[in-house]
Amino acid sequence: MWLTAKPVRHLCFPIPFSIPNKCNCICSLSITAATNPNANTGIDTSLTQSHTPKPKPKPKPKPKPKPNPTVKKRKRYRKLYPGETTGIAEEMRFVAMRLRNGDVSQDQPHSNTWQASLEGFLSYLVDSHLIFATLQRIVDESENVSYAYMRKTGLERSEGLLKDVKWLEQEGYEIPNPSSSGLTYAKYLEELAEISAPMFLSHFYNIYFSHIVAGQFIAKKVSENLLEGKELEFYRWEGDVPELLKGVRDKLNMLSEHWSRDEKNRCLKETTKAFRFMGQIVRLIVS
């Protein structure tokens, strides 16, 4: 008797074997595995498919290394000038303080050594009138807006000086012509006013400042020694002098806020020249 068994998966060839029975007969059994009818080779395609290696997953791309953080350069701050945080007038004051014991002070008479002469004092008044009149004329007639702030400050001295010179002339004193120092300085101020407002205003402020600080001392000494105590108009003020000077200083500081650092530096350089020019004129008193 022949039996046909169902095909076992993954077996594709007949296996003959014998099974003993009770009758001691030997039966032959043939097991045929069903094959894929579409296969030409007689090999079950399910076997090959089960052993097909799976594709390896693509390796994940390595993350790009982060670039080194950009190191910001330190911002270098320049060193501030003495008095810069307050204003240009304070910066000029520091320059004047450095000049106090320098070469500029050597051009000015010292209280314990100088002897004033009337002729020299007259020359000093004439040159001073020329300088103050030049300053006033420039600020009054110039179209530069910066100079308009310096009009009618209350510090003007030209009218008072003119009265003093006329009075001395009436008293019989010979009035000299302006000296070369006064003429040179007046011309320099006119030229400077056309070139640079910061440079000119440096002279404007320092001329009034030096006159107020040192002028009172000179007036007292000259009046006592040469004019029998006569008080000149040159040294008379209407209003509080410190407040008048403060008003000019505040206006100058306000204007300097619009100046570049280079313009401020040139203004400071002119401070030295202002004191040198004025020192030459003051020295006329002892000539």
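Reader: What should I know before I start?

Author: This is a predicted model, where local features need pLDDT of at least 70, side-chain atom pairs count only at pLDDT 80 or more, and totals for chains, interfaces and linings use all residues. Residues are numbered from 1 along each chain as its sequence is written, and side-chain values use heavy atoms, with hydrogens and water left out.

Reader: How many helices and strands does the protein have?

Author: Start with the terms. Helices (H or I, at least four residues) and strands (E, at least two) are DSSP runs, numbered from the N terminus. Here there are nine helices and two strands. Along the sequence the pattern reads β-β-α-α-α-α-α-α-α-α-α.

Reader: What share of the residues is buried?

Author: Buried means under 20% relative accessible area, exposed over 50%, and partly exposed in between (1.4 Å probe, protein chains only). Of the 287 residues, 37% are buried.

Reader: What share of the contacts joins residues 24 or more positions apart?

Author: A contact means heavy atoms within 4.5 Å. Take the contacts with a separation of 6 or more: 78% of them join residues 24 or more positions apart.

Reader: How many salt bridges does the structure hold?

Author: The general idea is this: side chains of opposite charge can pair when their charged atoms come close. The cut-off is a side-chain nitrogen of Lys or Arg within 4 Å of a carboxyl oxygen of Asp or Glu. This structure holds eight salt bridges.

Reader: Which residue pairs with R261, and where do the two lie?

Author: R261 bridges to E84, with the closest N and O atoms 3.2 Å apart. The pair links distant parts of the chain. R261 is in helix 9 (residues 261-282), while E84 is in the loop between helix 1 (45-50) and helix 2 (88-100), 177 residues away. R261 counts as buried because its relative accessible area is 18%. E84 is buried too, at 17%. A network of salt bridges links E84, E91 and R261.

Reader: Which residue does R266 meet in a salt bridge?

Author: R266 meets D262, at 3.4 Å from N to O. Both lie in helix 9, four residues apart, about one turn of the helix. R266 is partly exposed at 33%, and D262 is partly exposed at 47%.

Reader: Are K273 and E270 buried or partly exposed?

Author: K273 is partly exposed, at 37%. E270 is buried, at 3%. Their salt bridge has its closest N and O atoms 3.5 Å apart.
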